[in-house]
Amino acid sequence: MTLPADIDALVRLFVVANVVLLVVLVLIYIERKVLAHIQQRLGPMRTGFHGILQTPADAIKLLIKEDLTPQSADRWVFQLAPFLVFVPIFMMFVTIPFTGELVVRNLDLGIFYLVAFSSLHVVGLLMAGWGSDNKYALLGGVRAAAQLISFELPLAFAILGVVVWSGSLNLKEIVELQTGIPFLLLQPLGVLIFLVASLAELSRTPFDIPTAESEVIGGPLVEYSGMRWSIFMLAEYASLFATAAIAAAIYLGGWEWPFAPRAGELDGWAARLAGVTWFVIKTLGLIILVFWLRGTLPRLRIDQLMGFAWKMLIPFSFINLIITAAAVVYGGVILLAGWLATGGFAYAVYIRSRR
Amino acid sequence: MLGVLKGLVTTWKTHWRAPVTVQYPDERLPLQPRYMGFPGLMWDAEHDEPFCTGCQVCMRYCPTGCMFVEMKDNPKFATGESKRRKIVADFTINLSRCISCSICVEVCNFEAIEMTHHHERAGYYPDQVAGLPTLFQMSADHRAGVGQKPGHETRNLL
Amino acid sequence: MTTERALRTVDMHINVGPQHPATHGVFRMVLEVDGERVAGCTPYIGYLHRGFEKLAENEEWQEVIIHLDRTDYISQFNNELCYAMGMERLLGVEPPERAEYARVILAELNRIVSHMMFYGAFGADVGALTPFLYAFRERERLQRLFEAVSGARLMHFYFRAGGLKEDLPEGFADELRRMLPAVQHGIDECDRLLTQNEVFLSRTVGVGKLAASEAIAYGCSGPVLRASGVREDVRRSDPYSLYPTLDFDVPVGKNGDCFDRYWVRLAEMRESVRIVQQCLDRLPEGPIRTPVPRYPHFRVEPGEIYVHTENPRGDYGLYLVSKGGVQPYRVKLRSPCFCNLMALGPMLRDSYLADAVVILGSLDIVLGEVDR
Ligand code: SF4
Ligand code: SF4
């Protein structure tokens with residue numbers, strides 16, 4: 001049964017949209033539970049078994065809440081902003097491969113597309129900050145703009161390391177190259193930079209500066225309520241999922257590693273199921289790492305964050321790129337230098353904090 | 001990075017410990033025997049009347065002015081059933097203003113009032129006024145709960 | 001040709017408090033910010049003003065203690081201790097030994113509880129979620145002990161002129177002895193979570209520096225003063241109660257920045273554990289109250305006195321005037337938080353908006369005491 005290409009894409013998009021909604025609900029639940037247990041609390045317990053229905057309940061509550069627009073807000077800007085945050089993030093899901101076939105469209109320029117779309121939602125945040133006519137929101141919006149644009153560079157350069165090594169922008173091909181060794185081991189510095197930069201891209205702790213509740217009280221989101229606010233939340237967790245999925249694909253070997261079913265061993269649905277399982281485990285592991293960091297770390301200050309991006313991450317991502325390029329030309333052994341550079345990076349972080 | 005790792009290890013360890021919180025209305029952390037909730041009036045079972053004579057000492061001392069006490073002649077004194085000449089006629093405590101300070105207990109000369117374990121008085125109206133029956137009930141519940149006898153060493157301290 | 005107009009910029013005024021999540025209690029400050037830089041700060045206090053000093057003039061001597069609990073509502077035992085000592089000096093009575101030991105134990109445990117509160121709030125100020133819950137976990141242990149002792153978790157009303165309200169509960173010493181290692185472990189855990197964290201360090205080291213001379217000039221006391229490197233502690237410089245006989249150190253910082261203020265408090269908690277340990281080993285049996293004449297009313301001889309104790313927040317002073325009545329003639333509170341708060345201005349100089357929150361947190365103010 002094959003559908004015409006356009007219809008097929010639409011069906012896939014529809015499925016992905018619903019999967020994303022579901023995943024977001026699950027992620028919020030997991031985050032609340034993980035944080036609760038880190039803090040020796042129980043977390044949500046009442047709705048359903050161990051509170052599993054808490055997030056759907058919250059979502060319904062948010063949907064039926066009144067959608068307030070401040071009187072002095074810039075009406076259109078204010079009301080449009082959540083969608084401009086959500087749409088680019090949702091667009092990223094078009095080319096994220098869950099397995100070789102489970103993907104809406106496997107673009108040849110996949111990584112380029114992802115990097116391009118991952119930086120677009122800053123527009124929405126800035127609009128939210130400006131349109132709310134609120135000083136906290138404005139500060140938060142400007143912070144978001146500064147932070148997201150600065151961290152775009154190290155993020156892209158870190159990915160570039162993978163692209164140079166694998167010689168492809170196609171996510172499927174990149175994953176298939178990792179059947180033996182995942183790029184995690186070949187690009188340690190790249191992974192580190194990617195993780196740090198994407199934490200900042202996602203505005204998660206320790207880089208949750210735009211929405212810092214002890215300083216700007218939720219930043220751009222401060223005036224939003226109900227439906228629009230929940231779209232922001234949806235976007236936040238969807239982008240967390242997307243970023244973790246990308247990281248799992250380009251560094252952890254996606255559905256291929258460590259036990260890729262060889263041809264003939266498993267086939268059809270069983271192979272797909274195994275692939276998806278691996279993919280989900282890896283993605284979830286990364287996401288839980290993010291939650292774990294949230295439960296542990298304080299928040300950086302905006303100038304330190306910018307300094308960190310421009311003085312640490314970007315130079316080190318260049319180093320990573322140079323090492324990878326040299327490895328492509330002179331042989332893979334040079335990649336070992338990446339481990340040295342990682343050590344250097346850790347040491348530099350240590351030195352910076354001691355000043 | 002080392003400090004961050006140290007923090008991560010710490011949170012990792014606590015993650016596996018049992019939670020210290022409980023599901024509040026279903027489960028409660030136990031109260032200590034001396035816990036001071038709201039004051040209640042004790043009942044003299046021997047004479048089948050309250051200990052309180054309505055002398056208003058507690059009312060005058062109460063720092064928030066949340067008590068109101070009235071006194072009357074004790075009908076049982078006339079019949080000789082009781083030694084109390086006067087008895088409480090009306091006693092109300094506005095529990096939403098009470099600060100559980102135990103001053104009323106300490107100043108009472110008749111050991112008639114005690115701090116009970118009642119402390120959950122959240123309601124829909126600003127004034128949670130407890131009258132005589134409630135106050136007796138609170139004390140009775142309290143004594144049934146902790147097995148405490150009337151009389152306490154913290155009398156007349158002020 | 002158009003003439004180029006100079007871009008006109010204005011500083012933005014940001015209102016932090018009294019409902020802002022980062023302000024401690026109901027403190028309000030209006031920050032003048034130029035981008036992220038703080039250009040000026042106007043603090044407003046008084047939202048929690050209850051007229052403690054006037055109220056105290058209309059209560060009987062012992063009853064005032066309930067208001068003392070409510071001034072600095074995180075270190076009640078220390079406040080009560082100060083007032084009880086004042087009354088005792090006016091009356092010329094000495095509390096029995098067991099009462100003294102119990103007072104010091106409770107006051108020091110209260111110091112741990114108070115500093116834990118600081119730890120949690122400070123953690124939240126720098127943006128970490130977990131320290132608050134860890135701190136409250138540790139607090140809870142001791143609060144339950146307090147509940148067993150005084151019957152209340154916050155407003156204890158337990159220290160009286162001449163001793164205590166009632167004896168320590170049965171098995172108190174054993175319970176506490178069992179609990180101390182856990183408290184120590186809790187402090188260590190809090191220490192591990194935050195102290196060496198690079199993110200935490202970069203947020204606090206060198207932020208909100210207060211030179212020793214400035215700290216003295218503003219009348220700062222307690223951990224804020226000691227963090228600036230001045231070894232001044234009322235427990236040592238004007239010893240009261242049992243402190244001269246106890247062996248403990250007064251931790252001091254070097255730079256007077258937010259980190260030092262944090263570190264000093266953490267170190268003080270450890271010292272408090274040491275003090276409690278010593279007191280527990282020596283805790284005698286015996287009476288808990290020296291009888292003071294109270295018939296027909298509790299009266300205090302005419303006279304006036306200034307007493308001060310080392311509160312978790314600093315030098316907590318009370319000036320008591322008695323005209324021989326049943327009520328104090330005047331009670332004046334020298335609030336350490338109020339004086340510490342005065343140093344906020346110079347500390348905020350040239351800081352960032354995010355630092356303002358951290359600096360305010362590092363002062364550890366309690367508005368019940370600032371506003372009174
Ligand atoms: S406990 Fe205190 S506030 Fe409450 S009724 Fe008694 S004296 Fe008044
Ligand atoms: S409770 Fe005690 S003090 Fe109050 S009116 Fe009754 S007898 Fe008097």
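User: How many residues of chain C are in contact with chain B?
Analyst: 37 residues of chain C are in contact with 31 residues of chain B, contact being heavy atoms within 4.5 Å. This is a predicted model: local features need pLDDT of at least 70, side-chain atom pairs count only at pLDDT 80 or more, and totals for chains, interfaces and linings use all residues. Residues are numbered from 1 along each chain as its sequence is written, chains are lettered from A and ligands numbered from 1 in the order written, and side-chain values use heavy atoms, with hydrogens and water left out.

User: What area is buried between C and B?
Analyst: About 2,900 Å², with carbon and sulfur atoms giving 52%. That's the accessible area (1.4 Å probe) that the two parts lose on being put together, summed over both. On chain C's side, C:Arg144, C:Glu166 and C:Arg192 supply 18% of what chain C buries there, more than any other three residues.

User: Which residue does C:Glu166 meet in a salt bridge?
Analyst: B:Arg34, at 3.7 Å, N to O. A salt bridge here is a side-chain nitrogen of Lys or Arg within 4 Å of a carboxyl oxygen of Asp or Glu. The count between the two chains is four.

User: Switching topic, what's closest to ligand 2?
Analyst: B:Cys52, B:Cys55, B:Gln56, B:Cys58 and B:Cys108 are the closest of the 13 residues that surround ligand 2, each with a heavy atom within 4 Å of it.

User: How does that shell divide by class?
Analyst: Ten nonpolar, three polar and no charged. Ala, Val, Leu, Ile, Met, Phe, Trp, Tyr, Cys and Pro count as nonpolar, Asp, Glu, Lys and Arg as charged, and the others, Gly among them, as polar.
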